[in-house]
Amino acid sequence: MVRIIEEDIYRLVTRKGFEETFWKTLRQWRAEEPKVTQRRVFEYLNDLYEETFGEPKFVSFDSFRMYRDRGKRK
């Protein structure tokens, strides 16, 4: 698995940056393991955010998904 670099950790601070890092990481991981799930990538990033900043960015995958998909409906 491709791991996140320190520069990307700081992109997680904003919701937009988190979403961009999510898609980037998902593409990289799927290049190595095509069956990797969106939930797995989300949990990795959300856990990394929590380890770094002391609390999760999103309370659940569903809350992230609703945020992510909200932009598509506009």
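What is the handedness of the crossing of H2 and H3? The crossing is right-handed, where right-handed describes a near helix turned clockwise from the far one by less than a right angle, and left-handed one turned anticlockwise. The structure is a predicted model, in which local features need pLDDT of at least 70 and side-chain atom pairs count only at pLDDT 80 or more, while totals for chains, interfaces and linings use all residues. Residues are numbered from 1 along each chain as its sequence is written, and side-chain values use heavy atoms, with hydrogens and water left out.

The secondary structure consists of four helices and zero strands, in the order α-α-α-α from the N terminus. Helices (H or I, at least four residues) and strands (E, at least two) are DSSP runs, numbered from the N terminus. Of the 74 residues of the protein, 35% are buried, that is, under 20% relative accessible area, with exposed meaning over 50% and partly exposed in between (1.4 Å probe, protein chains only). Among contacts (heavy atoms within 4.5 Å) between residues at least 6 apart in sequence, 48% join residues at least 24 apart.

Helix H2 spans residues 15-32 and helix H3 residues 38-53; their axes come within 10 Å and cross at roughly 125°. Axes are lines fitted to C-alpha atoms, for helices over the stretch in contact, and angles run from 0 to 180 degrees between N-to-C directions. H2 and H3 are therefore oblique to each other, the class left after angles under 35 degrees (roughly parallel), over 145 (roughly antiparallel) and 65 to 115 (roughly perpendicular). On the H2 side the contact includes Phe18, Phe22 and Trp29, and on the H3 side it includes Arg40, Val41 and Phe42. By class, this contact has nine nonpolar, four polar and two charged residues; Ala, Val, Leu, Ile, Met, Phe, Trp, Tyr, Cys and Pro count as nonpolar, Asp, Glu, Lys and Arg as charged, and the others, Gly among them, as polar.

Arg40 lies in helix H3 and is partly exposed, with a relative accessible area of 37%. The C-alpha atoms of Arg40 and Leu26, 14 residues apart along the chain, are separated by 9.0 Å.

The largest nonpolar core has 16 residues, of which Phe18, Phe22, Val41, Phe42 and Phe64 touch the most other members. Such a core is a set of buried Ala, Val, Leu, Ile, Met, Phe, Trp, Tyr and Cys residues joined through side-chain atoms within 4.5 Å. H2, H3 and helix H4 (61-73) are the elements that give two or more residues to this core, and the largest share, five residues, comes from H3. Not counting residues up to four places away in sequence, Phe42 touches Phe18, Phe22, Phe58, Ser60, Phe61 and Phe64.
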